[in-house]
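Open the model in your viewer and keep the selection panel at hand. The stops below say what to select next and what is there.

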Amino acid sequence: MAAGTFPEAKKRRRKRSGFDQFASYVFKRWRQGERNGIVLWRELLAQGAPFSERTLYRYLEVLKQIEVNIASLHRLQKFTSSTAVWLFVQDPCKLDEIEQEALAAFRQVSPTLSCAYDLIQYFLLMVHRREGAR
């Protein structure tokens, strides 16, 4: 209080996790096609892994999510912006199976797109029902 200013906070160092030294090995095995968590866990135990099985599974969830997003991105690159907008403004019940899959891929790639889709559908419902007060 006597200084009259806020003291500079010390920068925190990121504490290294016991998993950090094994992350590159797990990623390498993932790229080689090993998706079985139990197999990976046993391999890591043999190497002396100092962390829980749950830590490994949290890392694998991240890898799965990244893989899904990358696959969806490649799939979505064929769409023009006007086609994407068309999917967003259509009644979801009237979309065929391929269009529904494309729409799901858009929503899965980005939380922002998913939120935009929900808002667009809400707005269109409001307009169709002539509920301007909403």
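**Stop 1: H4 and H6**

Helices H4 and H6 are oblique to each other, oblique being any angle left over once those under 35 degrees (roughly parallel), over 145 (roughly antiparallel) and 65 to 115 (roughly perpendicular) are taken out. Helices here are DSSP runs (H or I, at least four residues), numbered from the N terminus. This is a predicted model, in which local features need pLDDT of at least 70 and side-chain atom pairs count only at pLDDT 80 or more, while totals for chains, interfaces and linings use all residues. Residues are numbered from 1 along each chain as its sequence is written, and side-chain values use heavy atoms, with hydrogens and water left out.

Select residues 81–89 for H4 and 111–128 for H6: they pack at an angle of about 55 degrees, with axes 9 Å apart. Axes are lines fitted to C-alpha atoms, for helices over the stretch in contact, and angles run from 0 to 180 degrees between N-to-C directions. Now show side chains. On H4 the contact (heavy atoms within 4.5 Å) is made by Leu87, Phe88 and Val89, and on H6 by Leu113, Tyr117, Ile120, Gln121 and Leu124.

**Stop 2: H5 and H6**

Leu103, Phe106, Arg107 and Val109 of H5 meet Pro111, Leu113, Ser114, Tyr117 and Asp118 of H6.

**Stop 3: the cores**

Which residues touch the most other members of the largest nonpolar core? Select Phe19, Val26, Leu44, Phe51, Leu56 and Leu60, out of 13 residues in that core. A nonpolar core is a set of buried Ala, Val, Leu, Ile, Met, Phe, Trp, Tyr and Cys residues joined through side-chain atoms within 4.5 Å. H1 (20–31), H2 (37–46) and H3 (53–76) each supply at least two residues of this core, and H1 gives the most, with four.

Centre on Phe19: leaving aside residues up to four places away in sequence, Phe19 touches Val26, Phe51, Thr55, Leu56 and Tyr59. Then move to a second, separate core of eight residues, which includes Ala84, Leu87, Ala102 and Phe106.

**Stop 4: cysteines**

Select Cys93, which is exposed at 70% relative accessible area, then Cys115, partly exposed at 43%. Buried means under 20%, exposed over 50% and partly exposed in between, with a 1.4 Å probe and protein chains only. The disulfide count is zero, a disulfide being a pair of cysteine sulfur atoms within 2.5 Å.
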